[in-house]
Amino acid sequence: MEKYLYYQDQYLWEFKADIVKVVEKEGEYHLVLNQTAFYPEGGGQPADRGFIQEIPVKDVYKLEERVYHILSELPSRQKDLNCRIDWVRRFDHMQQHLGQHILSAVFYDQYKAGTIGFHLGSDRVTIDLDRPLKPAEIIKAENRANEIVFANHGVEFFYVEHAQLKRLAPRKMPEITGPIRIVQISEIDTIPCSGTHPSRTGEVGLIKVISWSKYKQGLRVEFLCGKRVLDDFRGKNNCLNSLSALLSVEVSEVAGEVQKVIERNKSLAQQIKFCNGQLLTLQAEDLLNKPYSRHNGIKVIKKILTGQDYQQLRLLTLKLTANPGVVTLLGVLDDATARFIISRSSELTSLKMNEIAQELLPVIAGRGGGTQQLAQGGGPGVEQLGKLIELAYQRVLAILLSI
Ligand SMILES: [Zn+2]
């Protein structure tokens with residue numbers, strides 16, 4: 001049976017080992033070693049990564065009391081292999097894991113809130129509590145958790161038989177039988193756990209609750225420990241400093257200033273909407289006064305608009321054709337797309353705008369449709385928009401002259 005070096009020395013990251021078994025599965029090799037410091041997944045803690053003879057260890061898992069290391073190629077020899085754990089990743093897991101013990105212990109001690117779930121991801125760490133808490137209670141627990149870190153308590157690891165457990169009064173009873181591994185933080189917490197942890201609370205570094213949300217009947221608390229707090233603080237600090245520079249205010253005034261910018265934007269958007277309405281009214285009056293052509297009292301308005309968008313094109317069309325005796329043939333270039341709307345007043349029923357549009361769509365390689373009164377379309381042929389509007393005009397003219 002191999003030796004679990006990760007329990008003998010949780011800080012061991014380099015060791016020698018011999019291969020005792022190889023299982024080939026789907027082009028990969030699952031190696032069992034005579035001893036290993038590679039921690040397999042367990043107790044909410046992800047498996048280690050690293051190298052065996054410079055070959056990357058892709059995953060580590062435990063099956064029937066044996067630890068398997070997955071490699072994509074076999075080492076060149078069987079004995080005396082150089083094994084190295086990705087220590088930055090492992091120590092990060094140890095910091096998050098002991099941080100979780102501390103935080104869970106405090107939530108239980110202060111509010112009898114039990115931990116019913118723990119997830120340690122590459123960027124998120126969460127615990128699920130079995131009852132809700134108020135924000136002030138969470139802050140109080142966070143303060144107490146960091147006091148425990150700063151006091152730098154020792155952490156003990158030992159095995160007990162199931163029968164001895166009750167005497168220890170652990171925070172949670174295990175579901176397994178046989179010898180049970182206990183992780184004990186001074187007088188503060190006693191809990192069965194199979195993971196790897198630092199041997200003093202000070203090594204956890206800061207514990208920072210990032211956010212919380214309702215989860216089932218309780219609460220999901222997201223937090224960070226150790227180096228992750230530094231990375232998070234650095235990112236947020238850079239972000240706040242950039243905002244402070246952009247807004248030309250102190251960091252403490254950023255939130256208030258952003259609120260003002262949002263209010264200002266809302267007010268400007270309303271002003272723009274009002275001005276656009278006025279502009280469209282004036283534009284409509286101008287186009288009605290000076291149509292492109294007139295035929296038996298029918299005004300034909302033909303124009304390609306610049307500096308306006310499709311929405312404005314639509315509003316202008318509706319404004320113009322609300323008057324009797326008006327045909328509009330309008331186009332606009334919107335985000336490198338040629339768009340057009342052809343329409344007419346409701347009484348000019350001899351003009352079927354959807355049929356005219358269908359005939360002309362190939363000119364701009366476009367798609368579209370509509371009703372007999374109003375049809376629209378768009379396509380990539382921006383160079384051909386003028387030609388399309390002109391062809392539409394010719395079709396309309398031919399129909400108007402034949403009435
Ligand atoms: Zn643990």
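## Stop 1: the hairpin

Select Glu26, which takes a positive phi near 45° in the hairpin of strand 3 and strand 4, where two residues lie between the strands. The model is predicted. Strand 4 covers residues 28-33, and five of its six residues are buried.

Strand 9 (residues 66-71) pairs with strand 4 in the antiparallel sense, over three bridges.

## Stop 2: the zinc site

Select the zinc ion. Which atoms coordinate the zinc ion? They are NE2 of His97, NE2 of His101, SG of Cys193 and NE2 of His197, at 2.0 to 2.2 Å. The site is tetrahedral, with angles of 97 to 120° among the four donor atoms. Along the sequence, the donor residues follow the spacing H-x3-H-x91-C-x3-H.

His97 is in helix 2 (residues 87-111), while His197 is in the loop between strand 15 (189-192) and strand 16 (207-215). They are 100 residues apart, so picking this pair shows a link between distant parts of the chain. Are these two histidines buried or exposed? Both His97 and His197 are buried.

## Stop 3: Arg228

Go to helix 5 (residues 227-247) and select Arg228. Its relative accessible area is 10%, so Arg228 counts as buried, the cut-off being under 20%. Show its contacts: beyond residues up to four places away in sequence, Arg228 touches Asp92, His93 and Gln96, then Leu120, Gly121, Ser122, Asp123, Arg124 and Val125.

## Stop 4: the nonpolar cores

Select Ile102, Leu103, Phe107, Ile127, Leu129, Ile207 and Phe223. Within the largest nonpolar core, which has 29 residues, these touch the most other members. Color the contributing elements: helix 2, strand 11 (115-120), strand 12 (125-129), helix 3 (135-150), strand 14 (180-185), strand 16 and strand 17 (218-225) each give two or more residues. Which element gives the most to this core? Helix 2 does, with six residues.

Zoom in on Ile127. Leaving aside residues up to four places away in sequence, its contacts include Leu103, Phe107, Phe118, Leu219, Val221 and Phe223. Gln100, Ser104 and Arg220 are also among them.

Then jump to a second, separate core of 25 residues, which includes Leu360, Ile364, Leu388 and Val396.

## Stop 5

What is the strand order? This open sheet reads 18-19-20-21-23-22, with mixed pairing. Strand 18 (293-295) and strand 22 (367-370) are at the edges; each has a single partner strand, so one side of each lacks a neighbour in the sheet. On average, neighbouring strands are turned by 10° against each other, direction ignored.

Select strand 21 (residues 337-344) and strand 23 (residues 374-379): they run antiparallel, joined by six bridges.

Finish with the helices. Helix 6 (residues 254-289) lies across strand 18, strand 19 (298-305) and strand 20 (326-334), at about 125° to strand 19. Helix 9 (residues 385-402) lies across strand 18, strand 19, strand 20 and strand 21, at about 170° to strand 20.

Definitions and conventions
Residues numbered from 1 in each chain as written. Predicted model: local features only at pLDDT ≥ 70, side-chain atom pairs only at ≥ 80, totals over all residues. Heavy atoms only, no water. Buried < 20%, exposed > 50% of the residue type's maximum accessible area, 1.4 Å probe, protein only. Helix = DSSP H or I, 4+ residues; strand = E, 2+ residues; numbered from the N terminus. Pairing = 2+ DSSP bridges. Donors = N, O, S within 2.8 Å, 3.2 Å for Na, K, Ca; no water. Tetrahedral: all angles 85-135°; square planar, octahedral: opposite > 155°, others 65-115°. Contact = heavy atoms within 4.5 Å. Axes fitted to C-alpha atoms, helices over the stretch in contact; angles between N-to-C directions. Core = buried A, V, L, I, M, F, W, Y, C linked by side-chain atoms within 4.5 Å.
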